[in-house]
Amino acid sequence: AKTPEEPPYLTVGTDVSAKYRGAFCEAKIKTAKRLVKAKVTFKPDLTTVEVHDDSIQGPLKVGAVVEVKNPDGVYQEASINKLTDCSIYTVVFDDGDEKTLRRSSLCLKGARHFAESEVSLSWTLSLPQFNYRPSSQMAPYSLF
């Protein structure tokens with residue numbers, strides 16, 4: 001779930017939290033193979049098409065009115081309905097490890113949405129003292 005102020009794609013050098021072995025770890029974007037898809041509606045006939053961002057002139061923002069190259073190669077006025085970041089990012093972690101990830105496995109530092117709870121939960125479940133297997137102390141409640 002992207003927050004409205006998040007950019008349509010991330011740039012090299014951006015600090016992110018990246019999913020690594022089930023948890024989110026701090027990392028920095030080293031390289032980006034950019035590919036942003038936009039669902040746009042052409043103004044004249046209200047047809048909706050999906051295009052790559054390189055055929056859009058104007059701000060890459062949902063709701064923005066832009067010029068989009070139609071299938072005939074002519075720029076027409078259209079509005080952006082949805083943006084999907086399909087870019088491939090290579091990130092480098094603090095320990096020097098590198099990993100190539102999609103946008104869905106990254107979140108901007110400071111964008112503390114779902115990542116926080118996911119991290120604390122997976123961390124808790126991996127600690128040995130939080131082993132949820134039934135133990136002998138639970139015997140009185142056994143159904144057998």
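These legends describe close-up views of a predicted model. Local features need pLDDT of at least 70, side-chain atom pairs count only at pLDDT 80 or more, and totals for chains, interfaces and linings use all residues. Residues are numbered from 1 along each chain as its sequence is written, and side-chain values use heavy atoms, leaving out hydrogens and water.

**View 1. Five strands form an open sheet.** The order is β9-β8-β2-β1-β10, with antiparallel pairing. Strands are DSSP runs of E, at least two residues, numbered from the N terminus. Two strands pair if DSSP finds at least two bridges between them. At the edges lie β9 (98–102) and β10 (106–108), each pairing on one side only. From one strand to the next, the twist averages 45°; axes are lines fitted to C-alpha atoms, and angles run from 0 to 180 degrees between N-to-C directions.

**View 2. Strand β2 meets β8.** Six bridges join β2 (residues 23–33) to β8, and the two run antiparallel. Alanine 32 has tyrosine 89 in β8 as its bridge partner.

**View 3. Tyrosine 20 and phenylalanine 93 form a tilted aromatic pair.** The structure holds one such pair. Ring centres of Phe, Tyr or Trp (its six-membered ring) must lie within 6.5 Å; planes under 30 degrees apart are stacked, over 60 edge-to-face, the rest tilted. Here the centres are 4.5 Å apart, with 35° between the planes. Tyrosine 20 lies in β1 (residues 15–20) and phenylalanine 93 in β8 (residues 88–93), so the pair ties together parts 73 residues apart in sequence. Tyrosine 20 is buried, at 14% relative accessible area. Phenylalanine 93 is also buried, at 6%. Buried means under 20%, exposed over 50%, partly exposed in between (1.4 Å probe, protein chains only).

Terms used: Helix = DSSP H or I, 4+ residues; strand = E, 2+ residues; numbered from the N terminus.
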